[in-house]
Amino acid sequence: MGNRQYEQFKLYVGTHDNTTAKNLLSTLSLVHHDMMISGDMIIEALSKRQACLRLRGMLREHLESYHFSESSISTYTSRLNQLCDLYLQWVALKQEKRKLTLGRKIMHHAMKYWPNCSKGEVQQQISTLANIPVGTLKRWYSHGGVPRMIHAAGLLKLERLFDVAQGTFVQPDSQKVSKAPTYSTQLRKKPPLYCVLTAHVRAQLVTLCAFKINLISPPISAASFELSRREALPLVGAGRWTSTPDGVNNSALTFTRSIERYFRWIVEKQHVPAEQLDLSLLNCVEMLEGYVHHCYESEKFSTLLTLLTPLYGLCEPHTGFLTRFHACKVSWEMLSEEQTESFHELVQWQGQATYLHQQVGAWIRDIKHQKKQKHQIMNNHGRRNIHWLLDNVDTDISLCMEDMRCLINGLVSESDGCNNAANKLLILQISCWLMLSIKVPLRISNWCAMQWLERPPVNKSVQVPSLWRSAAAYHVKVPRSWLKNRRSDEVVMIEATITDHSTIELLDRLGQLRSQLRWPRSSGALFVQCRDSQCQSKGSPYKRTAFAKVIQCWTGKVASKLWPERGGVHGINPHALRHFMATYVLSKTGDYGLAATKLMDSVAVVIKVYGKNDHESNQEKLSKLGL
């Protein structure tokens with residue numbers, strides 16, 4: 001508990017973003033990492049007077065052992081007093097925040113989200129989005145109150161809209177609010193990878209991450225070479241790692257995992273004992289070359305890039321963090337019975353560091369080239385287009401549209417044959433998406449955000465992408481704020497009316513199946529997850545990548561059953577469907593304006609992204625004109 005509170009307090013100190021805050025953070029780093037004092041003890045010292053006096057004495061002894069001047073020691077002890085005062089302010093601020101009622105919390109974030117609206121208009125907006133009555137919001141604001149279970153979905157929606165931490169509005173310990181989603185016990189969890197990082201390596205990683213996140217170099221450094229000139233050089237380390245508002249730093253976590261994967265390979269393949277692992281292995285060219293070749297053989301290009309990209313800045317020959325603090329002063333015996341090089345002189349080490357820096361840059365360029373080639377091969381094999389629906393790519397593209405309709409009928413038949421209601425709903429959702437995308441080829445992000453409205457909105461004004469039914473048609477509307485190309489004035493909003501009988505019948509079937517089940521209506525989304533996952537619960541809206549994978553999986557399965565003779569069938573990529581619709585319209589009309597209207601985008605974007613200029617067909621047309 002104390003370590004977590006210590007990390008939260010560090011984030012609070014860093015939010016001030018001035019010279020004083022950087023000095024205070026360096027003092028905390030000195031006490032925590034160099035003096036090896038745990039977060040629990042630091043929090044206790046900041047909150048209690050006697051413990052603070054003890055810590056001040058320990059800090060003085062530590063600095064005197066490194067021959068610090070008296071002025072420097074007094075500066076560090078005064079910073080410790082400032083940290084005590086700042087900690088008391090932070091605790092008081094947390095207690096004040098807890099006193100806020102639920103209604104005041106919601107209104108506080110809502111007024112920041114809609115700064116130009118009055119209080120009544122903001123309450124009306126919240127009521128429309130979260131489906132919470134205005135009277136309930138007013139009661140929460142004036143008298144406080146605990147939300148009921150029916151309000152949980154709306155409050156979760158508001159948390160996502162205002163981009164606040166999970167649990168800000170929905171309290172997990174409240175009995176009247178729905179509990180946190182429980183994931184299915186039938187999910188297969190990946191076996192945990194055994195850890196090879198010793199306490200020594202973890203302490204080195206903490207120091208490295210503190211530098212990359214806060215640009216704070218170790219206050220008392222144990223440099224590879226004790227040269228004051230080398231210590232005076234400013235440290236650089238590629239780009240700075242930034243944290244999310246809730247304090248999570250994904251770049252640091254990813255780099256730590258990539259280092260652990262690299263060390264695991266060293267232990268397993270090179271038989272280096274785990275106790276001898278050190279960050280200086282990141283500067284060992286022989287080990288890195290072996291790891292790069294291993295990843296090349298298994299085509300783990302993305303895994304390799306997550307390690308090499310930050311390493312390129314950290315191993316800069318003169319001012320890199322790893323070059324300065326982790327020179328290769330020990331040699332290791334490799335599996336090929338060769339010894340790695342070790343360096344004890346500055347001139348030799350700088351020459352090796354220059355070679356390593358150039359080599360890492362060359363590896364990064366080669367990997368990006370390999371990834372690009374692999375991506376092109378995948379494109380040529382039809383992974384990102386839907387020409388696999390044709391027996392021959394040169395066939396008339398109208399046949400591809402007919403095969404699309406056959407695929408929709410196959411999906412509907414597959415849904416009818418399912419006994420499980422969740423699988424039935426899943427396949428029916430994919431068939432509805434395919435039918436709707438032919439009529440209105442929206443981007444996958446718009447489909448994932450699409451809301452199913454039970455009744456038509458007032459004055460047809462919506463804040464999010466919405467679909468609703470009128471007497472004789474379905475209506476799709478996407479407001480301007482959800483458009484990707486918002487700079488153009490050609491498309492103010494996307495608005496379409498679906499009057500096709502087959503599409504209306506398919507959407508009615510989906511609506512009837514949703515009404516029989518309770519969980520699809522909890523989030524109000526048109527396309528919802530039909531089973532629990534590690535990130536989302538059943539009934540929550542699909543994420544963009546997850547929905548694309550489901551579409552590719554099921555369209556590929558059904559297409560393989562319909563056309564087994566074609567072989568190697570990949571599923572439909574959702575964005576490739578927009579390219580197909582643009583190609584279809586352009587092949588029939590040759591009019592970029594019509595293609596832009598079909599895609600609900602500007603003509604310039606259609607010409608640049610979706611249009612394909614075929615010089616051979618153009619030459620034939622020009623020859624017919626006699627030009």
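In which helix does Ser431 lie? Ser431 lies in helix 18, where helices (H or I, at least four residues) and strands (E, at least two) are DSSP runs numbered from the N terminus. The structure is a predicted model, in which local features need pLDDT of at least 70 and side-chain atom pairs count only at pLDDT 80 or more, while totals for chains, interfaces and linings use all residues. Residues are numbered from 1 along each chain as its sequence is written, and side-chain values use heavy atoms, with hydrogens and water left out.

The chain contains 25 helices and 4 strands. Of its 627 residues, 44% are buried, a term that denotes under 20% relative accessible area, as against over 50% for exposed and the range in between for partly exposed (1.4 Å probe, protein chains only). Among contacts (heavy atoms within 4.5 Å) between residues at least 6 apart in sequence, 62% join residues at least 24 apart.

Ser431 counts as buried because its relative accessibility is 0%. When residues up to four places away in sequence are not counted, Ser431 touches Ile408, Leu411, Val412 and Leu506. Ile408, one of these partners, belongs to helix 17, which spans residues 397-416, and is itself buried, with a relative accessible area of 3%. Apart from neighbours within four places in sequence, Ile408 is in contact with Ser431, Leu434, Met435, Ile438 and Leu506. The C-alpha atoms of Ile408 and Leu434 are separated by 7.0 Å, although these residues stand 26 residues apart along the chain.

Helix 18 (residues 421-439) also meets helix 21 (residues 544-562), their axes coming within 10 Å and crossing at roughly 95°; axes here are lines fitted to C-alpha atoms, for helices over the stretch in contact, and angles run from 0 to 180 degrees between N-to-C directions. Helix 18 is therefore roughly perpendicular to helix 21, given that angles of 65 to 115 degrees count as roughly perpendicular, those under 35 as roughly parallel, those over 145 as roughly antiparallel and the rest as oblique. Helix 18 contributes Leu426, Ile427, Ile430 and Trp433 to the contact, and helix 21 contributes Phe547, Val550, Ile551, Trp554 and Thr555. These residues divide into 8 nonpolar, 1 polar and no charged, where Ala, Val, Leu, Ile, Met, Phe, Trp, Tyr, Cys and Pro count as nonpolar, Asp, Glu, Lys and Arg as charged, and the others, Gly among them, as polar.

In helix 23 (residues 592-599), the residues Ala595, Ala596 and Leu599 are buried. Seen down the axis of helix 23, its buried residues fall within an arc of 100°, so they line one face of the helix; the arc is that of the directions from the helix axis to the C-beta atoms. The buried residues of helix 23 pack against helix 22 (574-589) and helix 24 (603-610). At the start of helix 23, a side-chain oxygen of Asp591 comes to within 2.8 Å of the backbone nitrogen of Gly593, and just after this helix Met600 adopts a positive phi of about 60°.

Val606 is located in helix 24 and counts as buried, at 0% relative accessibility. Its C-alpha atom is 6.9 Å from that of Tyr592, a residue 14 places away in sequence. In helix 2 (residues 19-34) lies Thr27, which is buried with a relative accessible area of 0% and, leaving aside neighbours within four places in sequence, is in contact with Tyr76, Arg79 and Leu83.

Note on methods:
A polar contact is a pair of N or O atoms within 3.5 Å; within protein, one must be able to donate a hydrogen and the other to accept it, and residues adjacent in sequence count only if both atoms are side-chain atoms.
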